[in-house]
Amino acid sequence: MIAEGTIKTRPVPLPATADAKTLDGFGVEVVSGFDPREFTAEEFKDLERLLYTHNVVLFRDLELTPEQQYKLTKAFDPTCESYGHGNNQVSDGARAEVGRDGGLRVVTEGGLTGKQIKSVLHPDLKTIPSVPQVQLIGNGTDPVSLEDEAAGATRFYRWHIDAALYGPLAPPKVTSLYAVEAPEGPPQTCRYDDGTGDELPVPLGTTAFASGTAMLAVLPPAVRRLALRTRVRYAPHPYTWMAGARALSTGLGLETEGLEIEGGDLPAWTAEEQQVLPACWRNPATGELHLQIHPCAVAALEVAPLPPGAARREDDVLPDGGEVTDLGEVRRLVYAMQRPGIAPALVYPHGWRNGDLVLFHNRGVLHSVVGAFAPDQVRKFHQCNLAASDWPQGPSAEDLAAAFA
Ligand SMILES: [Fe+2]
């Protein structure tokens, strides 16, 4: 047991597959010393520090109302008000209902345009009327065949950061996930199916977390040097833009087949409202850098030249800087930056129990839903995150000087 301020913690149960050295300090369970339902400002400071230090914080056996969850989540960013994707993307004439498979589906009643309905966010998100910032999440979908699924195989659903990535909504700092009803069933094998033979044993219905710090740290030098210089331009209305595209077998981005919804087929948009964010985000408490890219939503890369005085390597990508706008090339580069960081040894697949509350540093980790469910396997979670009051900061001049020294 470790004491951090007045809070007592222990490491989360990393699986035997995990590289304990690289993931050292990633994820803690709070054993005592903090009640998420009632806390003072002083107590909260310790929790905040804990979250930014360990990136995933788990509480077990908790009874938590949506109001309490909202209050706790908001404490990380007290001046923000809006759910991370806006508060009303499934209201305005749409209602959500539980489908026969136990998943939530949005049923439209004339209020949404066809363009809005296409967004990939709609099938899984439903607002709780009394606390619109808290969302009820149902089942995802799973791309393995029914035969493979019956044999216990599954895949990552979609690696992502919780963020609107268009317009004025900044990526939330923290997401809270509360398991009202976790699915019960045998463990599964998550297959990568990308020719590497990689696979990862996972609890049924896990949420998988990958550390953005580890993702950056394990890169070969030339790729890390590219990540440090890259800014990512996201597509306009990215969740609508990507809605027709197929995910890669690893869930880490999309196939490039020309299936994006482009230009005039999107809801009205402007280039000014497209978000351009650093590829590496600086941790506000520790100063660490996290590689944070939403792989499905990327449209282009803006690469800065090597800093003045930096020694050049033969394999540096775009040493003089430049833009990458060819979507296939953009995705190839992003995949090279991110794939090492989701290796089985670097993934923490959380085994959910009823009453679990997980807080995660949404600017420090990537996460993915994993698994599909039989009709009698229910998954009911409350999720809350709030569009942030500030924007993620990229590497500082000192970070760059140290990285390229
Ligand atoms: Fe998410």
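Leucine 318 turns up in the loop between strand E18 (298-303) and strand E19 (322-324), with helices (H or I, at least four residues) and strands (E, at least two) taken as DSSP runs numbered from the N terminus. Its phi is positive, about 45°, although leucine 318 is not a glycine. For context, most residues other than glycine have a negative phi. With 17 C-beta neighbours inside 10 Å, leucine 318 counts as partly exposed; on this scale a residue is buried if 20 or more other C-beta atoms lie within 10 Å of its own, exposed if 12 or fewer, and partly exposed in between, with C-beta atoms placed from the backbone. This is a predicted model, so local features need pLDDT of at least 70 and side-chain atom pairs count only at pLDDT 80 or more, while totals for chains, interfaces and linings use all residues. Residues are numbered from 1 along each chain as its sequence is written.

The loop between E18 and E19 also holds arginine 313, which counts as exposed with its 12 C-beta neighbours inside 10 Å. Leaving aside neighbours within four places in sequence, arginine 313 is in contact (C-beta atoms, placed from the backbone, within 7 Å) with Pro221 and Ala222. Aspartate 61 sits in the loop between strand E4 (56-59) and helix H2, and is exposed, with 9 other C-beta atoms within 10 Å.

Now for the chain as a whole. Its secondary structure comes to 9 helices and 23 strands, and buried residues make up 45% of its 405 residues. Of the contacts with a separation of 6 or more, 77% are between residues 24 or more positions apart. The mean pLDDT (the predictor's confidence in each residue, from 0 to 100) is 86, and 83% of the residues reach 70 or more. Over residues 88-118, though, the pLDDT is below 50, and beyond near neighbours in sequence this stretch has 63 contacts in the model. Residues 138-142 also stay under 50, with 21 contacts beyond four places in sequence.

Turning to the strands, 6 of the 8 residues of strand E10 (residues 174-181) are buried, so E10 is largely enclosed by the rest of the structure. E10 runs antiparallel to strand E21 (residues 357-361), joined by 5 bridges, and tyrosine 178 stands opposite leucine 357 there. Strands count as paired if DSSP finds at least two bridges between them. E10 also pairs in the antiparallel sense with strand E23 (residues 380-385), over 6 bridges, where threonine 175 faces asparagine 385.

Strand E22 (residues 365-369) is mostly covered, with 5 of its 5 residues buried. Val365, His367 and Val369 lie on one side and Leu366 and Ser368 on the other, and both faces are covered. In a regular strand the side chains alternate between the two faces of the sheet. Strand E13 (residues 207-211) is joined to E22 by 5 bridges in an antiparallel arrangement, which puts phenylalanine 209 opposite histidine 367.

A mixed open sheet is built from 3 strands in the order E9-E11-E12. Its edge strands are E9 (153-154) and E12 (199-202), each pairing on one side only. E9 runs parallel to E11 (residues 188-191) through 2 bridges, and threonine 154 stands opposite cysteine 190.

As for the helices, Pro66, Gln69, Tyr70, Leu72 and Thr73 are buried in helix H2 (residues 66-75). Down the axis of H2 the buried residues fall within an arc of 165° (taken from the directions from the helix axis to the C-beta atoms), so they line one face of the helix. In H8, the buried residues are Val330, Arg331, Leu333, Val334, Met337 and Gln338. Their arc is 160°, so they too line one face. What covers them includes helix H5 (212-217), helix H6 (221-229), strand E17 (289-291), E18 and E19.

Finally, the largest nonpolar core has 90 residues, of which Val56, Ala210 and Ala227 touch the most other members. Such a core is a set of buried Ala, Val, Leu, Ile, Met, Phe, Trp, Tyr and Cys residues joined through C-beta atoms within 7 Å. Beyond four places in sequence, the contacts of valine 56 include Phe26, Phe209, Tyr348 and Val365.

Note on methods
Contact = placed C-beta atoms within 7 Å.
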